[in-house]
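This briefing is set out for a reader who has the sequence and the coordinates at hand. The points are grouped by topic.

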Amino acid sequence: MIDPFRTDLVPLAILGGIGTYAARALPLLAPGVDRLPAPVLTYLRLIGPAALGAIAAANIFVADGAFRVGPEAVAVITGAAIGRWRNSLLVGMAASVVVVLALRATIAA
Amino acid sequence: MSDTTQAAELRVARRRLAVDSIGIWVLAIVIGTIFGFTAREGGLSLVEAAAFSSILFAGAAQFAAVGLLAVAAPWGSIVLLVWLLNARHFLYAASIAPHTTHLPRRIRAGLAYLLTDEAFALTSAHIARLGRFDLAGGWYAGFSIFVPWNLATIAGWLAGAALPEPGTIGLDVMFPASMAGLAVGLVRDRAALIALITGGAAAVAAAILINPSAAAMIGGLVGPFVGIALTQRGRETR
């Protein structure tokens, strides 16, 4: 039985949190960010689609260390397209869930 | 632009932010619950699981840390892995930073604490719609994750075993679906489209050839570079 109020690992959470917070805070607190050259600002603007696309792609196209196109990839791409078309993230996410369930049911049948 | 028009634009953008965040709440509740359950299975107490979610506050890194604790890995290696996994947040902060320089340092320091993948995605989309940073929107995006994530962690620790496996009801695709949906929503020009595609391709290659934990960082670094290079080359050719 685990003691719910044990605190032995709280310092570990704090240590992990220090480095995490530093990564999140340093660029926001660094002086002179507003005086960066235009190409650097363009680069920073493009980090959003690139990093988020990277997270999604690595999640859906890689399984057990190998490239794979499965129901999840089809569902996520379909959902993203529908979300863009309907201009709604929520609709896109719901579509992804429906598509992946339909594909898995089809494959299982 | 008149004050009335600006206020109307702000209302529309905030409504859109609120609607987009509903999917993120669901995501945070589902994954947060799983984390709470996983933490308990991994031997963490309720207070320790809550500390991971409230202090570390970084989903993938929390799961990785619990996984390493389960195999009795030394704290030094756990902390190092957590820092490496969360290094991508540096890119997020750097991307938002030029829009927040007018804010007091203590406000920026507070916003930084809440800057997760999902908060960055919601905030970036909100900035893209408004053309500027909206402080209320920034706080809302951060707390949209922080509050459900922490409540769900506690709920998952207390009752996680009673919940169904997310894959059986299709909820396992919600995280990549939210990231893909928000990434596509940020595409406003050719450079952004190229950055998205090449970032994704670089991430897949990195996940296979190097390490899955390096994927987001490498994709986030490579994508913008290629986006700018190919767009400039296209202009020069014309």
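B:A112 counts as buried because 25 C-beta neighbours lie inside 10 Å, and the cut-off for that class is 20 or more. The model is a predicted one. The residue B:A112 belongs to helix α6 of chain B, which covers residues 105–113.

**Surroundings of B:A112**

- Apart from neighbours within four places in sequence, the contacts of B:A112 are A:Y21, A:R24, A:A25, A:L28 and B:A93.
- B:A112 and B:A18 are separated by 94 residues in sequence, and their C-alpha atoms are 20 Å apart in space.

**Architecture and dimensions of chain A**

- Chain A contains 4 helices and 2 strands.
- The order of these elements along the sequence of chain A is α-α-β-β-α-α.
- The radius of gyration of chain A is 21 Å, whereas a compact globule of 109 residues would have a value near 13 Å.
- Along the principal axes, a box of roughly 55 × 55 × 30 Å is filled by the C-alpha atoms of chain A.
- Buried residues make up 47% of the 109 residues of chain A.
- Taking the contacts in chain A between residues at least 6 apart in sequence, 27% link residues at least 24 apart.

**The side of chain A that touches chain B**

- Contacts between the two chains involve 69 residues of chain A and 85 residues of chain B.
- On chain A, at least two residues each are supplied to this side by α1 (10–29), α2 (38–61), β2 (66–67), α3 (71–86) and α4 (89–108).
- The element that gives the most to the side of chain A that touches chain B is α2(A), with 22 residues.
- Sorted by class, the side of chain A that touches chain B holds 47 nonpolar, 15 polar and 7 charged residues.

**Domains of chain B**

- Chain B is divided into domain 1, covering 3–167, and domain 2, covering 187–238.
- A distance of 24 Å separates the C-alpha centres of domain 1 of chain B and domain 2 of chain B.
- Contacts between the domains of chain B involve 6 residues of domain 1 and 5 residues of domain 2.
- On the side of domain 1 of chain B that touches domain 2 of chain B, the elements giving two or more residues are α4 (75–85) and α5 (88–96) of chain B.
- That side of domain 1 of chain B consists of 5 nonpolar residues, no polar residues and 1 charged residue.

**Loop residues of chain A with positive phi**

- A:D64 is a residue other than glycine with a positive phi, near 55°.
- The loop that holds A:D64 runs between β1 (62–63) and β2 of chain A.
- A:D64 counts as exposed because it has 5 C-beta neighbours inside 10 Å, and the exposed class takes 12 or fewer.
- A:N87, also other than glycine, has a positive phi near 60°.
- The position of A:N87 is in the loop between α3 and α4 of chain A.
- With 11 other C-beta atoms within 10 Å, A:N87 is likewise exposed.

Technical notes
Residues are numbered from 1 along each chain as its sequence is written. Chains are lettered from A and ligands numbered from 1 in the order in which they are written. This is a predicted model: local features need pLDDT of at least 70, side-chain atom pairs count only at pLDDT 80 or more; totals for chains, interfaces and linings use all residues. The radius of gyration is taken over C-alpha atoms; the globule rule is 2.2 Å times the number of residues to the power 0.38. Two residues are in contact if their C-beta atoms, placed from the backbone, lie within 7 Å. Ala, Val, Leu, Ile, Met, Phe, Trp, Tyr, Cys and Pro count as nonpolar, Asp, Glu, Lys and Arg as charged, and the others, Gly among them, as polar. Domain bounds come from an automatic or database domain assignment.
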